[in-house]
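Please consult the sequence and the coordinates while reading.

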Amino acid sequence: MKLLLRSLYLGVALASGVHALAQGDPATLDRIVDQGKNHSQVMRILHDLTVGIGPRLTSSPRLAKAEQWASDQFRKFGCTNVHLEKWGDTPVGWDRGPLQMARMVEPFDSPMVFTVPAWTDGTKGVVRARVVRAPTTMEELEKVKPQLKGAWVLFPGAASARRGADTAGTVPLDVAQAIDASGIAGRIYGSRNELVVTSGTWANKTYENHPGTLRVTVRKSDYDRLDRNLEFGRNVVVEIGAESHWYKGPVPQYNVVAEIKGTEKPDEVVIVSGHLDSWNGPGSQGALDNGVGSSTALEAARILCAAHAKPKRTIRFILWTGEEEGLYGSRAYVQQHAAELDKISAVLVDDGGTNYQGGYEILEQMKPMMEAAIAKSQAAFPDMPQKLEVVKGPRMPRGGGSDHAPFNSVGVPGFFTIETGRSDYGYVHHTQHDRYEMAIPEYLVQSATNHALVSYNLACADTLLPREPKPEPAPTDGG
Ligand SMILES: [Zn+2]
């Protein structure tokens, strides 16, 4: 019986692949290409978001502002059913203030590039103090104790900022705790290279209670300069100003949702998405992670509305939040919409930086329909070829670290677009370089237009995208 069901399912899947080729109306597809290529607003949208509003940490007032702004944009473009959908609360709100500076001032002046984990206390104003190397034993600590009070303490190794844990290895935990208890200004760590990576957690923090010593991470060359001058026996003094603000919780958190309603099957859906939240380390504007994905989703909505696209299925635009801390927005969406998952044809996620949308990882049975879905885009952007990578079935790849993952985990086809092009995402991802000027305009023009073309085609196809077979129900034990 089981075998029979399985082969029946496979037969349906293959058959639907064959018959699913009808795509969008050709005149509409032409208008989409014209809007996307010749009237693009994607860089204006990205600029409004990343320079106008700035980085958008989940729980921060700037993210809330961005949600309102994005909703207004969707409405202005002509989308319907624009709303914020709550996914949960954070226990406390947090953001950085405008004062963000770090420099060595003795023995000579040298600016430093730095970050501080989110959801930790910063400094009150600029704190100017001498730098002392961290003692590594209790005896050493007793010797240098008078110098520790009020000092910036240089720690070896890397700050384990994500979990707020103590440095592993060279400074034993009890010594590290005794250093903190000596009334120091904070710890200074060096990063592995010239990138400073920002992370953090709201776990166990409240408005009233957020203990812990400030951990500043400076880039490697700055750390080495401090260390070298201490080695030479010089008096080393730094100034650090890291303004932070706490906001009383619980703070409700939302995804932004907007639609172009389907004309024939409005309850069947193609989702176009990116995440609106970002890290917010000093310098970062949350541009490539994932201002660009938010902007290509917004611009796809504008293009489709301006092209008067009338998809048969609903195209739903979603800007996720809480992505960086653990896919909170998309995971909650999958739970809250459990009853509708069978009617979601595909979930497109653009969260790999500023390169162009170079294709998709697919299952074999999706191939005919996906080839048809990307054909117009391939013709419109011949310099930016796409590929369909057929993965070994029967299931879509699991994991992947972005908002497509919760959908794949329940069998809804989720696609993290294959990012192709010259941008080096590793240089930007979660670092001080995540800024508007790193975006590559022609790639974003393609990404937004491709989003619009592919979602419109899928929304007009004869069937939903063939998906992986449903897991067989667990055998019930009659006992
Ligand atoms: Zn991201």
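Helix α12 is largely enclosed by the rest of the structure, because 18 of its 20 residues are buried. A residue is termed buried if 20 or more other C-beta atoms lie within 10 Å of its own, exposed if 12 or fewer do, and partly exposed in between, with C-beta atoms placed from the backbone. Helices (H or I, at least four residues) and strands (E, at least two) are DSSP runs, numbered from the N terminus. The model is a predicted one, in which local features need pLDDT of at least 70 and side-chain atom pairs count only at pLDDT 80 or more, while totals for chains, interfaces and linings use all residues. Residues are numbered from 1 along each chain as its sequence is written.

The length of α12 (residues 441–460) can also be checked: at 1.5 Å a residue, its 20 residues should span 28 Å, and the end C-alpha atoms are 29 Å apart, which agrees. The expected span is 1.5 Å times one less than the number of residues.

An open sheet of 6 strands has mixed pairing and the order β1-β10-β12-β11-β13-β17. Its edge strands, β1 (80–90) and β17 (414–416), each pair on one side only. On average, neighbouring strands of this sheet are turned by 20 degrees against each other, direction ignored. Two strands pair if DSSP finds at least two bridges between them. Strand β13 (residues 344–349) runs parallel to β17 and is joined to β17 by 3 bridges; Val347 has Gly414 as its bridge partner in β17.

Helix α9 (residues 328–336) lies across β1, β10 and β12 (313–320), and runs at about 110 degrees to β1. Such angles run from 0 to 180 degrees between N-to-C directions, and axes are lines fitted to C-alpha atoms, for helices over the stretch in contact.

Two residues illustrate different surroundings. Pro250 is located in the loop between β9 (237–247) and β10 (251–260), whereas Phe114 belongs to strand β4 (residues 114–115).

| Residue | C-beta neighbours inside 10 Å | Class |
|---|---|---|
| Pro250 | 14 neighbours | partly exposed |
| Phe114 | 26 neighbours | buried |

Contact means that the C-beta atoms of two residues, placed from the backbone, lie within 7 Å. Leaving aside neighbours within four places in sequence, Pro250 is in contact with Asp89, Thr90 and Pro91. With residues up to four places away likewise not counted, Phe114 touches Ala102, Val196, Val216, Thr217, Val218 and Pro282.
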